[in-house]
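Me: Hi! I have a model open and would like to talk through its contacts with you. Could we begin with the charged pairs?

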Amino acid sequence: MRKALRLQRGWGQQIIFLWPALLFFLTIVVTPFILGFYYSSTNWNGLDLDKAVWTGADNWKRIFMNDDKFWDSLFFTLRFTVVSVIAANVLALLLAFLLMTALKTKKVLRTIFFMPNVIGGILLGYIWQFIFTKGFATIGEMTGISFFQLPWLGTAGTGFWGLVIVFVWQTAGYMMVIYIAGLAGIPKDLIEAAKIDGARAPQLFKSVYVPLIMPSITICLFLTTSNAFKMFDLNLSLTKGGPGTSTQSLAYNIYAEALINNRYGLGTAKALLFFFAVSLITVTQVWLTKRKEVSA
């Protein structure tokens, strides 16, 4: 009896402390998400709820059958994600290995490499816009190097690579910290034993380092994949999807549909499709990499 009373009292205390956060979560996250399913099947303009007429599956038919810009944005986002995820993780892993060596300035370098992640995406985008359009142009005039004379952000190709460069520059430092934590957890005895057995650097990396830092790889791949798919602030501040819509990410396409074209119903349908696509890809990635994790 006393145990039951203590259990009830414990649950009561937990509910008292939990319900404010739960109420906010239900109000701010769950309720709008559920309402999104309804508005995705209307022609709501985002202003007058009375004019939110039920249209059934019309928005979904339009997305799948008559919205080339959406699929162009999806293809651009997929290309951007693949290139950015690979580049950011390779660079972060290289920096992590470099800063695990006995460098006197490694603490300072870790801080410097991490700092871009602290800067907000919008501000970072405008800084790099100035660098691409003014800084690179000035360097190109002074040195004659063709790389700096390219029309950065002026064509679809250079705009794509401009976004990749800024995303990797912002993201790699944070991923580097996660990789350093993973490398620091590898027992030195294993590395020494592998070296005694004659393992060279490529074999050490493939057979010792990679399996033991797989939890860090899982986290970094998840973060970079989800952030690359959801990339919006850099797209808005650097290219605004231009020239035309050639560098328009899927998140920017949804924003333009809802807030610029005032088609909130169609924008909500795209957002839901985007949510399920990103969820499926990231969950699959975590499941695949989790299977390869081993313990030291």
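Reply: Happy to. A salt bridge here is a side-chain nitrogen of Lys or Arg within 4 Å of a carboxyl oxygen of Asp or Glu. Please keep in mind that this is a predicted model. With that cut-off, Glu257 forms a salt bridge with Arg263, their closest N and O atoms being 2.7 Å apart.

Me: OK, and how many salt bridges are there in the whole structure?

Reply: A search of the whole structure gives three. Besides the pair of Glu257 and Arg263, the side chains of Glu257 and Lys270 meet at 2.7 Å, N to O. Asp67 also forms a salt bridge with Lys270, with the closest N and O atoms 2.8 Å apart.

Me: Which residues end up linked in a network of salt bridges, then?

Reply: The network links Asp67, Glu257, Arg263 and Lys270.

Me: You mention α11. What does Asn235 touch, apart from its neighbours within four places in sequence?

Reply: Asn235 sits in helix α11 (residues 233-238). Its contacts beyond those neighbours are Leu163, Lys240, Gly241, Thr247, Gln248, Ser249 and Tyr252. Tyr252 is also one of the buried residues of α12. Asn235 has a relative accessible area of 0%, so it is buried.

Me: Nice. Switching to backbone: where is the cis peptide bond?

Reply: It joins Gly242 and Pro243, with omega at about 0°. Pro243 belongs to the loop between α11 and α12. As background, most peptide bonds are trans, and most residues other than glycine have a negative phi.

Me: Which residue other than glycine has a positive phi near 55°?

Reply: Lys240 does, and Lys240 is found in the loop between α11 and α12. Its relative accessible area is 46%, so Lys240 is partly exposed. Leu153 is not a glycine either, and its phi is positive at about 70°. You will find Leu153 in the loop between α6 and α7; at 14% relative accessibility, Leu153 counts as buried.

Me: Now the rings. How many aromatic pairs does the structure hold?

Reply: It holds 29. Take Phe136 and Trp152: their ring centres are 6.0 Å apart and their planes are at 75°, so this pair is edge-to-face. Phe136 is in helix α5 (residues 121-143) and Trp152 is in the loop between α6 (146-149) and α7 (156-184), so the pair links distant parts of the chain, 16 residues apart.

Me: Is that pair at the surface, or is it buried?

Reply: Both residues are buried, Phe136 with a relative accessible area of 12% and Trp152 with 8%. They also belong to a cluster that ring pairs build from Trp128, Phe132, Phe136, Phe147, Phe148, Trp152 and Trp169.

Me: Which charged ends sit over rings?

Reply: The charged end of Arg79 sits over the ring of Phe160, 4.7 Å from its centre. Arg291 lies over the face of Trp287, also at 4.7 Å from the ring centre.

Me: Last one: which residues make the nonpolar surface patch?

Reply: Leu18, Leu22, Phe24, Phe25, Leu26, Ile28 and Val29 make it, and its area is about 690 Å². Leu22 is in helix α1 (residues 2-39), and with a relative accessible area of 41% Leu22 is partly exposed.

Conventions:
Residues are numbered from 1 along each chain as its sequence is written. This is a predicted model: local features need pLDDT of at least 70, side-chain atom pairs count only at pLDDT 80 or more; totals for chains, interfaces and linings use all residues. Side-chain values use heavy atoms; hydrogens and water are left out. Patches are made of residues with over 30% relative accessible area and no salt bridge: like charges are joined within 9 Å, nonpolar side chains (Val, Leu, Ile, Met, Phe, Trp, Tyr) within 5 Å. Accessible areas come from the Shrake-Rupley method with a 1.4 Å probe; for residues, only the protein chains shown count as cover. Helices (H or I, at least four residues) and strands (E, at least two) are DSSP runs, numbered from the N terminus. Buried means under 20% relative accessible area, exposed over 50%, partly exposed in between (1.4 Å probe, protein chains only). Rings of Phe, Tyr and Trp (its six-membered ring) pair if their centres lie within 6.5 Å; planes under 30 degrees apart count as stacked, over 60 as edge-to-face and the rest as tilted. A charge sits over a ring if NZ of Lys or CZ of Arg is within 6 Å of the ring centre and within 35 degrees of the ring normal. Contact means heavy atoms within 4.5 Å.
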